[in-house]
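Here's a short tour for anyone opening this structure for the first time. Keep the 3D view handy and follow along.

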Amino acid sequence: MTQDDQPDYRIPQGGGVPWRDMGMEEDHRPADRDVEITGIETMAIAGNFTWGIVKVETDAGVYGLGETFRAEAALDMAGRMDVDLEGENPLDTSRIRELLEQRYTGTGRIGQAAFTAIETACFDIKGKLFDVPVYELLGGKYRDEIKIYCDTHGGESLGEASQHDPQDVYTPESYARAAREVVDEGFEALKFDLDVPTHAEYDEANRRMDNEALEHKVSLVEAVRDEIGYDVDLGMDLHWNFTTETAIRLGKKLERFDLAWLEDPVPPEKTESQKRVTEALDMPVLTGENLVTTSQFNDAAREGMMDIAAPDVNKCGGLGEYVDIATVCDLYGVPIASHNISSPLGTIAGAHVSAAIPNFLCMEWHSRDVPWWNDMVDRVEGSGPILDDGYIDLPEGPGLGVELNRDLCEEYLVDGYDLVI
């Protein structure tokens, strides 16, 4: 059966009755801004995580790049959206975001991740066509440098740790040693995972720490503070693993270490539990990587679920949505510390939006174990590494201001994908 032979009961992709169809045929702009999207291509790069890259092509000889969280699933969805976007003008970044949300409602976090990559790529196109960096399109900048906090691991890397006895890997000595190395590399902020195994055997289902586990976690934090002192921002991540009472008991024991934040102590959908933990602790509680819309952040901030918000720069729906999230959080006095596990491409997109919001604290970097991370992109203007001494110097080239290193992308291309640059 060909496309022309589809029976009447087949609903077009994006389906439903188009009462509010956000598509638009261009008939008003002058020729130099009458641009059309001609296609979408995707590829995946094997970093420490799989990094999903989306390329949006146009009829103006300019293309844009964006990155998506949880690569394979979101890339598949992004690639299917070309039927919705071909012929649309990429300069209409806000309208395109609404078009995708309207036609792909109900796709949740994966959909938001796909929207993010496409909208970021449209901003990249827009900046290139107007010859300005993306941050200018987001309202200008509040800062020239973006503070980065380093996601740090004691002992082996995350990829290797599972092959060893946790009691040999997650020791106070290994945590202190890793913290010293990161601070000596120039970082003024770092974070450790604190939801690491302690015993050879324990009940993984009940989300509860016994006294031995609690004291082990305290010993890890104490060793880090003893090594680096209190002038360095230090966060601890619990990855939503624990009960309300365990999170509060642990948090109380950690208050004396003056942490920058305790991250995701309880499952994200347990809103009352999150609120109880935040109210009980005399330290900042951070959450938000599992929230992906402005409405969700508004609810969380209004209900007092968080002291610091952590939207994921490549999962929250796009740079425009990120600005909206930051604006809502600012109304409640909540600052932003971005969650980020991206390649340099997605991280640079995060740097642009971080420069454009007033309530920015810092952004995560999760790739210390990837030796070629800094080499994956090159600045379009200027020189020097993307990340240096714990900061990103904001690119001033048009669009995102960086180009992908073709040779490195080809070397680390995930099987089954074609190189698109």
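## Two helices side by side

Thr244, Ala247, Ile248 and Lys252 in helix α10 meet Ser273, Arg276, Val277 and Ala280 in helix α11. Before going further, keep in mind that this is a predicted model. To find the pair, look for residues 244-254, which make up α10, and residues 271-280, which make up α11.

How do you describe a pairing like this? Two packed helices are described by the angle between their axes and the distance between those axes. Here the angle is about 20° and the axes are 10 Å apart. That angle falls under the 35 degrees cut-off, so α10 counts as roughly parallel to α11. As for handedness, α10 passes α11 in a right-handed crossing.

## Another helix pair

Now move along to helix α12 (residues 294-302) and helix α13 (residues 319-331). Their axes come within 9 Å and cross at roughly 15°, and α12 and α13 are therefore roughly parallel to each other. The crossing of α12 and α13 is right-handed.

Which residues make the contact between α12 and α13? On the α12 side you'll find Thr294, Phe297 and Asn298. On the α13 side, the contact is made by Glu321, Asp324, Ile325, Val328 and Cys329.

## A sheet with a helix across it

Time for some strands. An open sheet is built from 3 strands in the order β1-β2-β3, with antiparallel pairing. β1 (37-46) and β3 (63-68) stand at the edges, and each has a single partner strand, so one side of each is left without a neighbour in the sheet. On average, neighbouring strands in this sheet are turned by 20° against each other, ignoring direction.

Zoom in on β2 (residues 50-58), which is joined to β3 by 6 bridges, the two running antiparallel.

Helix α4 (residues 108-130) lies across β1, β2 and β3, running at about 150° to β3.

## Two threonines to look up

Start with Thr287, which sits in strand β8 (residues 285-287). Buried or exposed? Thr287 has 6% relative accessibility, so it counts as buried. The side chains of Thr287 and Asp264 are joined by a polar contact of 2.5 Å. Setting aside neighbours within four places in sequence, Thr287 is in contact with Asp264, Gln274, Met305, Met306, Ile308, Ala309 and Ala310.

The other one is Thr198, found in the loop between β5 (189-193) and α9 (211-228). Its relative accessibility is 10%, so Thr198 counts as buried. Leaving out neighbours within four places in sequence, its contacts are Gln167, Glu212, Ala213, His216 and Lys217. To get a sense of where Thr198 lies, compare it with Ser273: the two are 75 residues apart in sequence and 24 Å apart in space, C-alpha to C-alpha. Ser273 is one of the α11 residues that meet α10, which brings the tour back to where it began.

How values were computed
Residues numbered from 1 in each chain as written. Predicted model: local features only at pLDDT ≥ 70, side-chain atom pairs only at ≥ 80, totals over all residues. Heavy atoms only, no water. Helix = DSSP H or I, 4+ residues; strand = E, 2+ residues; numbered from the N terminus. Buried < 20%, exposed > 50% of the residue type's maximum accessible area, 1.4 Å probe, protein only. Polar contact = N/O pair within 3.5 Å; in protein donor to acceptor, adjacent residues only side chain to side chain. Contact = heavy atoms within 4.5 Å. Pairing = 2+ DSSP bridges. Axes fitted to C-alpha atoms, helices over the stretch in contact; angles between N-to-C directions. Parallel < 35°, antiparallel > 145°, perpendicular 65-115°, else oblique. Left-handed = near helix turned anticlockwise from the far one by under 90°.
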